[in-house]
Amino acid sequence: MTQLVAQMHQATGKGTWAFTPFGTKYDMGNWQLCEDLDNTRYCSVYSDATDKDGQDLSRLLPAVGVCVPNTCGSSSLSELPRSTLVKALGLPFSPVSPVGLRVECRDHVGAHEMPWGGYVLCSLLTMLAAAAVVATIIDCQTQYDVFPLARALDRKAGARVNEDIYDIPYDEDDVDEGLVDRTTREFSGIYGKSSVLEGTSEELSYLAAHEQQDGLPHNEVSDTYRVMRHAGWFEPLMAFSAARNTGRLIAPPPVANTAALNGIRVLSMCWVVLGHTYVFVVTAPMLNISSLADATQNLRFHLIYGGFFAVDSFFLMSGFLVAYLFLLELKKHGMRRITMPLFYFHRIWRIFPTVLVGTLFYWQVMPYVWTTGPFQPAMKEVVDDACDPYWWSTLLFFNNFVDKQCAGWLWYMANDMQFFVLSPIILLAYWKKRIVGIGIAVALIFMCILANMLSAIIFDLEAFPMLAFLSNGTAAFSQAQADHTVLSNVYMLPWTRCAPYLVGILTAFLLLERQSVKHIAEHSAVRYSALAVAGALLVLLTFVTYTLALWGWTKLESMIWLGFSRTSWAIALGVWMFYFSTGHGGAFNRILSHNAWIPFARLSFGCYMYHLIFMTLFYYGFKAPIQFQLDLMMCFYVFNLMGAFMFAYINYLLVEKPMMNYEKLLLGWITKR
């Protein structure tokens with residue numbers, strides 16, 4: 001018993017303070033030691049304080065982790081006098097204070113407590129994974145005879161093979177009719193009758209067309225494989241083939257003048273993960289928050305912090321591709337009755353399944369699996385507090401208008417979907433009368449700039465309150481509230497974020513009008529000057545926050561930044577995109593257009609969906625405080641990036657690509673009807 005008491009005391013915090021979000025101090029103690037002891041539980045002790053309005057201030061005051069017998073509960077410990085509790089547990093608090101202490105004891109949230117929605121999602125993912133395994137085996141077997149069944153059967157039969165159907169190539173004119181009749185009779189009972197199995201001409205053509213392509217020997221088994229490929233169930237099942245889908249993931253697309261966007265997309269995604277790796281590290285307990293403050297005085301830190309521009313790059317590329325591809329479709333086929341329904345159907349079919357699965361995973365599964373430690377209950381509280389009342393807003397792409405966002409980083413997807421839904425207003429206006437479409441886009445850009453500047457004035461906003469908080473090394477809760485004000489009133493609203501999307505649309509207009517402006521825009525002097533100015537502007541916008549960290553900004557400077565920075569970034573990057581798309585840009589274009597970017601570009605959507613889920617599991621899983629170092633953060637970054645793309649690849653195989661395959665099958669079926 002004495003040893004147990006000594007170990008419990010050892011597991012209790014002694015005042016080695018780490019800093020948590022908003023600058024609060026927390027000594028975690030030794031959670032792992034307390035977890036390993038029998039008949040003990042881990043609790044947190046807070047100061048029981050409120051302000052004059054009754055708002056709970058306990059989270060803003062020092063707290064300590066304690067290890068107590070499992071017979072002790074939150075209520076019984078909280079009822080003890082402060083002096084008794086401090087003395088009994090050896091807490092690093094003064095025993096004399098008018099402020100009481102509150103104890104919260106929370107048992108580990110085990111996987112067995114996962115809600116029914118989590119079990120449903122896990123069951124669905126298991127079935128999708130099983131379908132992928134079965135489809136992959138059948139696909140590889142029918143394509144490459146991975147398990148040499150034909151040869152094994154031949155050897156078992158004493159190699160009695162009819163030579164006219166085994167080693168002698170045949171075509172539609174000299175194929176053995178008996179083989180087809182025999183194969184049809186033998187397997188029609190298994191696969192059911194279809195147009196393929198009922199006749200011979202289509203079947204013969206199919207066999208002749210594929211006999212030299214799949215590398216299979218010519219015998220009854222291999223030819224049966226070829227017949228199977230025409231069965232009605234085959235293609236729906238093959239939609240889940242990991243071999244086929246991975247091949248399509250890495251396969252180069254047809255040569256396009258917009259290939260450089262693949263490189264830009266991947267680099268932007270890497271920049272997002274890099275920025276979030278550093279920004280969200282403040283959710284982890286940190287012993288040396290002053291080192292984080294010192295890092296903001298380092299110029300290279302602002303290359304990291306400038307990652308918020310990556311979202312504007314995504315908006316720019318999204319607007320560009322939507323406008324460019326839609327107008328090319330109109331130019332090729334004109335406006336048909338099916339044009340607009342397909343325009344919206346394709347987008348929803350492409351985006352919604354991944355958002356649905358990712359959101360449910362974040363809400364119903366993530367808080368209950370993989371992560372353990374003193375912060376797991378806090379993670380669950382954060383998720384439940386936002387997702388329980390507002391999960392629907394994320395699935396309806398409306399979450400940028402609610403107070404608490406379930407999977408908050410998906411505010412970007414909400415904005416992008418809202419821009420997409422409204423984009424035909426500009427695109428159809430341009431299609432009817434070009435000057436009208438251009439005029440609408442330009443007017444909306446100026447309105448977006450004005451909305452940002454008015455928001456800065458009305459809400460008295462700083463450009464980067466959190467950066468000011470980090471650079472000063474202070475623990476002011478009001479600065480965190482100010483950062484939330486910027487997020488809710490400027491950062492996430494469509495009328496303050498639409499300018500880069502609109503610049504992308506205008507860039508597409510310019511590319512489509514290339515012949516009209518070619519003699520000016522592609523003149524060597526104009527081209528080099530435009531690329532140089534645009535490149536310099538991109539560098540300036542990336543590193544200008546260094547001046548904020550060193551000297552701070554006035555309200556006027558913050559207003560100008562909020563009004564013009566994102567639009568300026570989009571215009572500068574749009575200039576480079578235009579010249580890339582016209583075949584200019586030299587080595588930059590060749591590098592960004594390389595086929596090596598393609599698979600990662602195709603995974604970028606899933607990477608964005610899951611990267612913060614992976615980071616949440618990582619950061620909330622810390623069981624001891626960390627020492628902040630820029631080099632250590634780079635290790636975290638590589639780990640987070642690899643984890644995000646791993647999740648994205650799994651999502652691609654189980655959800656994203658199969659749904660894309662089913663869209664093709666569905667549209668093909670509708671077309672045939």
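## Basis

This is a predicted model; local features need pLDDT of at least 70, side-chain atom pairs count only at pLDDT 80 or more, and totals for chains, interfaces and linings use all residues. Residues are numbered from 1 along each chain as its sequence is written, and side-chain values use heavy atoms, with hydrogens and water left out.

## Disulfides

A disulfide is a covalent bond between the sulfur atoms of two cysteines. Here the term stands for a pair of cysteine sulfur atoms within 2.5 Å. The whole structure holds three. Counting bonded cysteines along the chain, the pattern is 1-3, 2-4, 5-6.

Cysteine 34 bonds to cysteine 67, S to S 2.2 Å. Cysteine 34 sits in helix α2 (residues 31-36) and cysteine 67 in strand β4 (residues 63-69), so the bond ties together parts 33 residues apart in sequence. Helices (H or I, at least four residues) and strands (E, at least two) are DSSP runs, numbered from the N terminus. This link is right-handed, with 85° about the S-S bond. Cysteine 34 is buried at 2% relative accessibility, and cysteine 67 is buried at 3%. Buried means under 20% relative accessible area, exposed over 50%, partly exposed in between (1.4 Å probe, protein chains only).

Cysteine 43 bonds to cysteine 105, S to S 1.9 Å. The pair links strand β3 (residues 40-48) to strand β5 (residues 100-105), 62 residues apart. Both cysteine 43 and cysteine 105 are buried.

Cysteine 387 and cysteine 406 have their sulfur atoms 2.0 Å apart in a disulfide. Cysteine 387 lies in helix α19 and cysteine 406 in the loop between α19 and α20, so parts 19 residues apart in sequence are tied together. The S-S torsion is about 85°, so this disulfide is right-handed.

## Other cysteines

Cysteine 448 is buried, at 2%. Cysteine 122 is partly exposed, at 28%.

## Helix α17

Of its 25 residues, 18 are buried. Glycine 334 follows α17, with a positive phi near 75°.

Phenylalanine 401 lies in the loop between α19 (376-395) and α20 (411-432). Phenylalanine 401 is partly exposed, at 33% relative accessibility.
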